[in-house]
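Here are my notes for your first look at this structure. Keep the viewer open as you read, and take the points in order.

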Amino acid sequence: MRKILILFALVIGLGTSVFVLAQEQSSAPSAPSSLDAQGIKAYLLGPGDILDVRVFGQSDLNSVVEIDSDGNISSLPFLEAPIRAQCRSDKEVQQDIAKAYGKYIRNPQVSVRISDRKSRQPATISGAVKNPMQVTMLRKVRLHELVTKAGGWSERASGTIQIMHTEPEMCPGPQPIFQAAAAKVSVDNFGIMVFKISDLKAGKEEADPFIRPGDIVIVTEAEPVYVTGSVIAARELPLRNDLTLGRAIAMVGGPQRLAKTNEVHIYRQKDGVVGQEDLKYNYDAIKKGKAPDVLLKPYDIVDVRESGLLTGKGFGDMFTNIFKSSVSLVTQRGIIY
């Protein structure tokens, strides 16, 4: 009797555990679908797609066919006329195949299944994104979705996105895919479009076009400027968002103690001329708001030099260091062991 009670308790406990596990699984959030897996129900067929066609009760009519380069199915058994497939759904094609076989079979029951989707070339996104990649799109995808799929912008994103077509649009919609852009170079169905990242972030529809299969999307990388000399952390900076001299020096940690901040040099490449132009600016005046800040240009070299020992700052720092050394020396001699 005792063994029966123990067995009964185990069965009840196991049933409770299974119920709790099922409850936990049903309440867990579903994993987000990937970009590639969305919109399959609205998928429109194209050349290269593979279809599995079956006619129930007529095994000799079953076949696996590929949509040809003209967008037709032309290899179905006993059918002389091709079936149009490009830019149509599998259900529409299924109805046409059933109608065609209806001339030979009474009420044919036909099923059409897409076994392989090969008609869309992947779009490529590269440049200043965190994860450059190729993305296969089974539905219409906007630019912001592609950028999100690539992990978003990197710190070197400069402010523009270039989109280049490599193939004509297979199934054009009623409205143009690309709206007005900041800049445009177009030849027939192919061309390059340039959009601003700031417009895309602001949610402007004209800056968020649909991406075609085969498109090449390049998020442009910022051209560099270089901050060197007597600063905390001299380094290269990406030139973006109207970078100024004051902001550039702040981004590298600011000037060092002996920096000659009243005369900062910017070495700038002259257009069409060999050599650099030496421009001088008063960083102290800029910082105090007494002089306008200076916009930097690509490949500028910002050189913050050190003050000489004969300047007031140089003398002050020299005597301060001497005094500190003297105090340290006296303190060491006064220690009692």
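**Notes on the predicted model**

1. Of the contacts in the protein chain between residues at least 6 apart in sequence, 59% join residues at least 24 apart; a contact means heavy atoms within 4.5 Å. Please keep in mind that this is a predicted model, where local features need pLDDT of at least 70, side-chain atom pairs count only at pLDDT 80 or more, and totals for chains, interfaces and linings use all residues. Residues are numbered from 1 along each chain as its sequence is written, and side-chain values use heavy atoms, with hydrogens and water left out.

2. Now the overall make-up. The protein chain has seven helices and 18 strands; these are DSSP runs numbered from the N terminus, helices being H or I with at least four residues and strands E with at least two. Of its 337 residues, 33% are buried. Here buried means under 20% relative accessible area, exposed over 50%, and partly exposed in between (1.4 Å probe, protein chains only).

3. Next, a look at the disulfide (a pair of cysteine sulfur atoms within 2.5 Å). One turns up in a search of the whole structure: Cys-87 is joined to Cys-171, with 2.1 Å from S to S. The pair links distant parts of the chain, 84 residues apart, with Cys-87 in the loop between β4 (83-84) and α2 (90-101) and Cys-171 in the loop between β9 (157-164) and β10 (183-187). The torsion about the S-S bond of Cys-87 and Cys-171 is about -100 degrees, so this disulfide is left-handed. Cys-87 is partly exposed at 29% relative accessibility, while Cys-171 is buried at 17%.

4. How many of the six residues of strand β1 (residues 50-55) are buried? Five are, so β1 is largely enclosed by the rest of the structure. β1 runs antiparallel to strand β5 (residues 110-116), joined by six bridges, and Leu-51 has Ile-114 as its bridge partner there. With strand β2 (residues 63-66), β1 pairs in the antiparallel sense over four bridges; Asp-52 stands opposite Val-64. Strands count as paired if DSSP finds at least two bridges between them.

5. Finally, helix α2. Its buried residues are Asp-90, Val-93, Ile-97, Ala-98, Ala-100 and Tyr-101. They cover an arc of only 160 degrees around the axis, which puts them on the same side of α2; the arc is that of the directions from the helix axis to the C-beta atoms. Lys-91, Gln-95 and Lys-99 are exposed on the other side of α2. The buried residues of α2 pack against β1, β3 (72-73), β4 and β5.
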